[in-house]
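Hi everyone, thanks for coming. Please have a look at the sequence and the structure on the screen, and then I'll walk you through a few places in it.

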Amino acid sequence: MRGVDPADIDGLGLISALPATAFIAILIMIVSFFVTVSQSTDRKFLLLFQIAAITFALHGAGALVAEQPRFPTAYIHAGFVEFIGRTGDTAINIDARMGWPGFFALFAFVTKAAGISDMTPILQWTPLLSNLLYLLPFVLILRQVVATTRARWFAALLFILVQWIGQDYFSPQGFTFALYLAFVAILLRWFGRVEPRTKPIPPKGLRKWIGKLDAMTPGELANTGTFRADKLLMLLMLIALFLASVASHQITPFMMLGVLTAFLLFKRTTLTWALPFFLGLMVLAWISYMTVGFWASQIDTIFGGLGNIVQNLRSNTGDRIEGTDPAHAIVLQARLGILAVILGCAAAGLFRRLRRGVFDRSALILLCVPVLALALQSYGGEIGLRIYMFALPGACLLAAYAFFPNLPADSADVRDETVPLRKRNVRFNPQLTRKISLVLAACFAVMFAMAFLVARYGNEKFERVTTGEVAALHYVYEHDKPSARVIYLVPKEGPEVTPSMPWGERDIERVSFAEQALVFKDPTRIDKAVAKLKSQPRNSYLMVSRAQVSYLQLNEGFPDDWGERFRAALDKSPDIKRVFANEDAALYTWKKFVRGTEIPEPLPYEGRGDPTSPWTPVGIAALAVTWVALFSYEIIRLNGPNRAPRARKRLLFLAIPSFVIAFGVIIERFIYIAANN
C-alpha cells in the first residue's frame, strides 16, 4: 500500500491506484488458504489466521490508504456520540436516528469512561474490526451444519469476499449486524431442532413433493446434551441481543424476528411461539412509546412504502445503475455481477445438496427471509443493500455447497468425504472431481477478491475524506456560536440526498446541514447557489469540497474541470466572499448583512414532551403483564414439551387478552397521536 497515491484514484475506485504487488499478495494469500484447506487435517487456527489476513488485506485497504477515516456518514454518527456524551440526552427532533440511540449511547459511555476525546482511530479501523467480529458468530453458525471441512471454510472465505456493500463502518447497522449473526448462531447452537419425519409421504400432488423434502437428511445438526441452565442463559442472551438491536436500529430487529418465525414454521428450533410474540411486541412498543417525536407527524413517510415491492426494488437497483462516468459504470455492474454470481452459486449448491438427499432448511431460511423486507419501504433507497447484507450468511453457505456438496465423514478417523446418501451412478472418479472442485473454488475466490476491490472501493473518489475537508468543517465548528448552517451542492434538490462531506462531527445541535444549493453542468451558473446563500441567515456557509465535485462528475456527468471553474466563478461574485480555502475545500458566506442582523439561536433539542393518548397507561400495564406471562411460559417450556401443562395454559389465558389490549393501545396511539399532530 505504500505505492498508492490517492490522486491516482479515478472512476474505477481504489483498484486503479493499487500497485501490482497488492494483487500478487492477495493472490498468494488465497492460494495458501486453499493449500491448507486441501489437506486431510482440519487446521482450524491456521485457517482462521489466513482468513483474518485476507480480511485485513481487503477490508483494511481503505484504512491503510486514507489520510482520514473514510465514509462521510461515519462523522455524523461520531457527532451523535459526542452530543450524548456532552449533554447526556438524545435529540430526536434534530435527527430521527436519535430515536434509536442504543449504539450511540454505548460508545458515548465507553469513550467518556476511557477518556477518549478523539474518535478518529475508532472511525478509521471500525470496518476492519467489524468484519473480523462478524467471522466469530458466522463460524459458530457453520459448525452447526452438516458439511465437510472444505465447505465450511470456503463459506467463511466467501463471506469475506462478497461483503462489499460497506455497511460495516462506524454505524448502528454495522453493529447490529454482528448482533444478528450472534442471534442466529445461538438459535442454531443451543435451540436447534432436527427431527426425522415419521409420517408417511402422501401418494401424489404437491404434498408428495413437500413430504419428500421433509423426509430428506437435515442439513443442520441437532442440539444435544445442553443443560437447562445453559439454555436459560442463552435465552436471556437472545432477548438481550434483540433488545440491543431494537434500541439501536430500525431494520435489524425485523430480520431477527423473521428468522425466528421461519425457524418455528419449518421446525428448526425448540423454542415456542411465545417468543416471537414477546419480541414482536417489544419492537412495536419501542416504536410506539420511544420514537413518538419521529413518527408523530410522518405516518405517510413510515408506512407509505408498505407493499410497494416493485417500486422499492427499482429504487434500490435500477436507480443506482445509471452512472454517467464509463469507469464508474463498471463499478455498478461489478456489484450486480457479484450478486448474480453468488445467487447462481447458491442455487447450484442447493440443487447439488438436494440430489444428495440433503435439505438445508436453515440456510434457505437465512437466504430468503431478508427478501421479505422489500415489502416494507425503500429505507431511503438502501433497503436492497440491507437485504443483500442480511442474506449473505445463507447465500455463502449454499454457494459453498456448489463446490463441496458431499456429507462429512461419520468418524474423525476417516479423513475422506462420504459417499452421497442417494444412490446414483458415479460418472467420474470422486478423487478427480474433488480436485477439480478445489481448483474451481480457488478460481472463483480469486475472481470474487478482484471484483470486491472494484465493488467495495469503487466510490472511493467521493467516499474518501481528506484533511482539507475536515479542516473546512472544523472552521465552521469554531464559528458556530450560537448557530451555523452549511449549504452543500446537489444536482437536484430532494429529501434523501446525503452530503458528500464529513458532516456533523460535533455540535450537531448548533450546525445545520439541511440546506441544498442547486448546481448545473455549466460551472459559470452560480445564480442558484448564490440565491440560496442569500436566503439564509447570518453565519451560513456554502461549502465546495473535493468529494462533492467528484460525486457530480462520476454520477451526473459534470466536466472534469468543473470544480476549479465553479470556485473561480464564486470568487468573482461581488455578493459573496471566501472565508476559508485549501486545495480540497472552500467556504463562502454572504459579503454584507444589514447592520444589527443577529445570528439565530439553534433549535432547542429538548421538546415539549412526547404527545400521548388516553389509553396509554392501560397499554403500558398490558405490556408488562404480557411480557411476564410469555417469558414465564418460555422458561417453563425449556424443561420439555410436557412440563407443567396446566401452568402454561394458565399463562396463555393471561397472555392472550393482555397481548390484544397492548397491541390495540399501540394502534390507538398511532391513530390518535398522528391525527392530533
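Let's start with the cysteines. Taking a disulfide as a pair of cysteine sulfur atoms within 2.5 Å, the count comes to 0 disulfides. For anyone who wants the reminder, a disulfide is a covalent bond between the sulfur atoms of two cysteines. Two of the cysteines are worth a look for where they sit. Cys345 has a relative accessible area of 9%, so it is buried, and Cys396, at 0%, is buried too. Buried here means under 20% relative accessible area, with exposed over 50% and partly exposed in between, using a 1.4 Å probe and protein chains only.

A word on what we are looking at: this is a predicted model, where local features need pLDDT of at least 70, side-chain atom pairs count only at pLDDT 80 or more, and totals for chains, interfaces and linings use all residues. Residues are numbered from 1 along each chain as its sequence is written, and side-chain values use heavy atoms, leaving out hydrogens and water.

Next, helix α11, residues 252–265. Helices (H or I, at least four residues) and strands (E, at least two) are DSSP runs numbered from the N terminus. Is α11 enclosed or open? It is largely enclosed by the rest of the structure, because 10 of its 14 residues are buried. Among them are Met255, Met256, Leu260 and Phe263. And what covers them? The cover includes α8 (172–191), α10 (228–246), α12 (274–290), α18 (361–368) and α19 (383–401), where contact means heavy atoms within 4.5 Å.

Now for Gln124, which you'll find in helix α6, residues 120–142. Its relative accessible area is 15%, so Gln124 is buried. A polar atom of its side chain lies 3.5 Å from the backbone oxygen of Ala66. Leaving aside neighbours within four places in sequence, Gln124 is in contact with Ala63, Ala66, Gln68, Pro69 and Arg70.

Finally, the sheet. Which order do the strands take? It is an open sheet of 5 strands in the order β4-β3-β5-β7-β6, with mixed pairing. The edge strands are β4 (511–518) and β6, each pairing on one side only. From one strand to the next, the twist averages 35 degrees. For angles, axes are lines fitted to C-alpha atoms, for helices over the stretch in contact, and the values run from 0 to 180 degrees between N-to-C directions.

Let me zoom in on β7, residues 585–590, where 6 of its 6 residues are buried. Strands count as paired if DSSP finds at least two bridges between them. On one side, β7 pairs with β5 (residues 540–545) in the antiparallel sense over 4 bridges. There, Ala585 is the bridge partner of Ser545, and Ala586 stands opposite Val544. With β6 (residues 576–581), β7 also runs antiparallel, joined by 5 bridges, and Thr589 is the bridge partner of Lys577. β6 and β7 form a hairpin with 3 residues between them. Lying across β3 (484–490), β4, β5, β6 and β7 is helix α23 (residues 527–535), running at about 145 degrees to β4.

That's my tour, so over to you for questions.

Conventions: Polar contact = N/O pair within 3.5 Å; in protein donor to acceptor, adjacent residues only side chain to side chain.
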